[in-house]
Amino acid sequence: MVVLLSVIIGLLMVVIFRYTSDQTAIRLAKDHLKAHLLAVRLFQDQLPVVLNSYARIIAGTGKYLRLAFKPLLFIILPLTLVIVELDRYLGATPLQTGQAFLVTAHAADADSLNNLSLQLPPQMSTTAPPVHIPADNEVVWRVVAATDGNYDIGIAAAGQTFSKRTVVSSRLARLSPVRLRGQFWKRIFISAEPALSDPGPVTSIALNYPSRNIYFAWMEWNWIWLFFVLSLAAGFLFKTILGIEI
Amino acid sequence: MKARRTNQFLKAAAVLIFVTALVSPAHAYAGPGAGFAVLSSFWTLFIAFLYSLYAFLTWPFRHLFRVLRHRNAYGKAQIKRAVILGFDGMDPELADRFINHGTLPNLAKLRRDGTFRKLRTTYPPISPVAWSTFMTGVNPGKHNIYDFLARDVNTYLPFLSSAEIRGPKRTLKLGKYTLPLGKPRIKGMRHGTPFWHWLGKAGIFCSVIRVPVTFPPEKFEGVLLSGMCVPDLKGSQGTFCFCTTRGDQSKFREGGVRVPIERNGTAYHSYIPGPDDPLGRPSELRVHFEIRPDSTKQQAHIIVDSEKFTLNVGEYSPWIPVKFKVGLGLSAHGICRFYLKEISPEVEVYVTPVNIDPAKPDLPISHPVTYSVYLSKLFGPYATLGLAEDTWALNEQVLDDDAFLAQCYANHNDRERMLFDALEKTQQGLCACVFDTTDRVQHMFWRYLEDDHPAARNVPKDQRPRVIEDLYSRMDALIGRVMNQIDDHTLLLVVSDHGFKSFARCVNVNAWLHQNGYLALKANKTESGDWFEDVDWSRTRAYTMGLNGVYLNLKGREREGIVFPEESRAVKEELRSKLDGLTDSATGRTAITGVFDCDATYTGPYADNAPDLIIGYGNGYRASWDSVLGKVTTQIFEDNVKAWSGDHCVDPRLVPGVLFSNHKIGEEKPAIVDVAPTILKLFGLAIPSYIDGKPWTLAI
């Protein structure tokens, strides 16, 4: 799936690059860079020419990066959002039945810690007493699920209950490793759940979903690195086929 | 405006930085496009840095090595730099006339403060001959170039005198395919050592641009871009393509092919003929293209492979890359320009000869090979064909005067850019560049200089453009720009290989030989087709082909020779006495003012390859178009009505070249053969004993 996504996104991105960039200017800038590189080799015994060419290479690289900047603006926002969403599916694996996991509740202050309690659905149970970490304003529970399913774990405090979506499954699923109070940008990029009510005694509830590793080409990869390599390779292939200057 | 742009740029940069700062490093990956940009610019910088570091760190050692090896290359030099501007065919009489008119201020300055002389040329005064002598400092008997063409003594057919291109040495036969196992073999036929080789060996850097007869490029310590004699992708010296919907099936005499345009709905389709199939199939390679005319706007959209462009009527495209696909992953790369001649009622498109792509040269056209690539990357694609200005297309009226001039000056402007880059890169040493525009424009527009040229009789005198005066003015401006870039330690030489004269009347020497009993035709023939098709060699004693040479049909040399070697001197003397002073009865003028015995003219190991006699035509005369191609006609003389109306393949004494310099030159009668030894002497090098030229004395 990562391979397919990388190829599709690689293709899409070079096509967007094609239509949002000044292809002629990029080709010229690249050609000039190559010319100055060749000049270093052709006139290597003439130090002033070499130094001059080097200065032009630096200036040319700046120009080239400036030309790549505009399409970068068009690409970076949608691609970042796509990657964030993909990361929710591919960045971690859901919890497994019988596999213990940690639920960490972060309180607004150390005084609230003793008032926090865990409310589990019937398919889940704790396997150890909670651990209080006053220095970090955190309480940690070790929990295990008996059957697959999407559950809401509750944290009760001061008459309110704060829930956290928990996925126990052996399939691909959209995961949210943390639910946050406030912190808009962090919620956009990391959490996939609505904000916790504000003000309130709980500032975040986190689960430690295991990170996902993908076996590809005799190696274990984090999906983002595999995506990086494959989408670059796909982009390179498509730019050549479609005659796009990058 | 600039401030607003900067502001926008800063805002955009701020947005980008803000977004990337928010996300984790993995999320900040912005796709393959930007990824490539960052990676490749980093890679470029990295490579540049390594190269520069290497060059910087090793420079003292290399400099020391050079000093030790060359014992200080410039130690005995009288000059720091020599800049040679070659203007093919610049005529001293015209230059003098225009200087006196006040239109050439820079040449006037050189004449006043430096030197202006007539430069004696070679026998015959033809560019490949003269430029070969220029670069080697020897007579043609030592460099082996006597004309554009030489003849095969076995077949009486011509071949290109400067280079031979053959297929690869080894091939593999696979069914109907013949796979080439290697590169084409290119053999240079010009002998002798160009003076820049001696300079390079001594550690003096040279930039040599488009000097004729430098194909194939030879290795030396400098950079060189080959000039005249570089073939097109078909292997010819320039074959244009004229695509037309007109049903005319007639063939062009030479230099071009007519290709039909087929209509398909609103679109038209045609093709560019390319080289022969290198896999051995009996067909030529082709690149197809589509034309979509828009008669309301007087323009057409043209689609060639992935290239799409729009041309107005009377407009050239930029250089368009074309790829002739061979199959099995092989292809030949070329570049060409399209010219939209007409879209209504007929559609006509002219395509230049397909030049070797300098960025991906299928044949070597520079030394090192990367030099042509470097120039292409720096300035964009440029004409690489030796005879890049398409004189044949104007001769055949496929192009008009304006279209031809536009082509000439586009090529010329590219050449100027190369020259100024070479000047910048060669602060010490030799910088030599030859411009062909002067030759081509004078060939094609001489008709407007004369009152009664047969090729311009239908153009009223007050409507004749001042093309040649404008040409000299442009060259003068170029010389002025070069003069602004050089100092007193630089020697500037402005030279031409020959001058120019009118070509109003054609002389078919083969016809004269036939009528005077030296050349016989087969039974019942009164004329012969091209390349002596109907000549009876068993009764022929002499023949001519090419521009100035006359050959005896010598026994033991030519396959069907009948003139015994012991009679050759007498036959030559007889021919010389009869041809010298030959008068055109229609005009009463002398058509041939000199006939030169090659035994007395040339010395050297290749003198045997020379013609037996060289004909020096009088002012206004030249070998006829038919005679050059080995055709025998009934008429000896005829008017030349082609646009090609000026020429220099005449009596060498009538067409000396020019020599201008920014320094005083003592020699009163300099010759083109003297340039090489003069440059060697000025750089403090010994002059090899075999060199025929004599160095000039300069006031440095």
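**Close-ups of a predicted model**

**View 1. B:Pro368 sits in the loop between strand 23 (366-367) and helix 8 (369-379) of chain B.** As in every view here, what you are looking at is a predicted model. The peptide bond between B:His367 and B:Pro368 is cis, with omega at about -10 degrees. Most peptide bonds are trans.

**View 2. Another cis peptide bond, this time joining B:Ser344 and B:Pro345.** Omega is about 0 degrees here. To find B:Pro345, look in the loop that links strand 20 (338-342) with strand 21 (348-351) of chain B.

**View 3. B:Arg210 has a positive phi without being a glycine.** The angle is about 55 degrees, and the residue belongs to strand 9 (residues 206-211) of chain B. Is B:Arg210 buried or exposed? Its C-beta has 26 others within 10 Å, so B:Arg210 counts as buried, the cut-off being 20 or more.

**View 4. B:Phe532 also has a positive phi, near 60 degrees.** This one is in a loop, between helix 13 (509-515) and strand 27 of chain B. B:Phe532 is buried too, because 23 C-beta neighbours lie inside 10 Å. As background for both views, most residues other than glycine have a negative phi.

**View 5. Five strands of chain B make an open antiparallel sheet, in the order 13-14-15-16-17.** Strand 13 (262-264) and strand 17 (307-312) of chain B are the edges, each pairing on one side only. From one strand to the next, the twist averages 30 degrees. Zoom in on strand 14 (residues 267-276) and strand 15 (residues 284-294) of chain B, and you can follow seven bridges between the antiparallel pair. B:Asp276 faces B:Glu284 of strand 15 across this pairing.

**View 6. A four-stranded open sheet in chain B comes with a helix packed on it.** The strand order is 27-28-32-31, again with antiparallel pairing. Which strands sit at the edges? They are strand 27 (542-544) and strand 31 (592-597) of chain B, and the twist averages 25 degrees from one strand to the next. Strand 31 and strand 32 (residues 613-617) of chain B are joined by five bridges, with B:Phe596 opposite B:Ile614 of strand 32. Helix 14 (residues 565-579) of chain B touches strand 27, strand 28 (549-552), strand 31 and strand 32. The direction of helix 14 makes about 170 degrees with that of strand 31 of chain B.

**View 7. Residues 15-28 of chain B are a stretch to treat with care, with pLDDT below 50.** Chain B as a whole averages a pLDDT of 91, and 92% of its residues score at least 70. Beyond near neighbours in sequence, residues 15-28 have 18 contacts in the model. Where pLDDT is low, the predicted coordinates should not be read in detail. For the model overall, ipTM is 0.87 and pTM is 0.86.

**View 8. Chain A is divided into two pieces, domain 1 (2-91 + 214-242) and domain 2 (101-207).** Taken over C-alpha atoms, the centres of these domains of chain A are 41 Å apart.

Conventions
Residues are numbered from 1 along each chain as its sequence is written. Chains are lettered from A and ligands numbered from 1 in the order in which they are written. This is a predicted model: local features need pLDDT of at least 70, side-chain atom pairs count only at pLDDT 80 or more; totals for chains, interfaces and linings use all residues. Two strands pair if DSSP finds at least two bridges between them. Helices (H or I, at least four residues) and strands (E, at least two) are DSSP runs, numbered from the N terminus. Axes are lines fitted to C-alpha atoms, for helices over the stretch in contact, and angles run from 0 to 180 degrees between N-to-C directions. Domain bounds come from an automatic or database domain assignment. Two residues are in contact if their C-beta atoms, placed from the backbone, lie within 7 Å. pLDDT is the predictor's confidence in each residue, from 0 to 100. A residue is buried if 20 or more other C-beta atoms lie within 10 Å of its own, exposed if 12 or fewer, and partly exposed in between; C-beta atoms are placed from the backbone.
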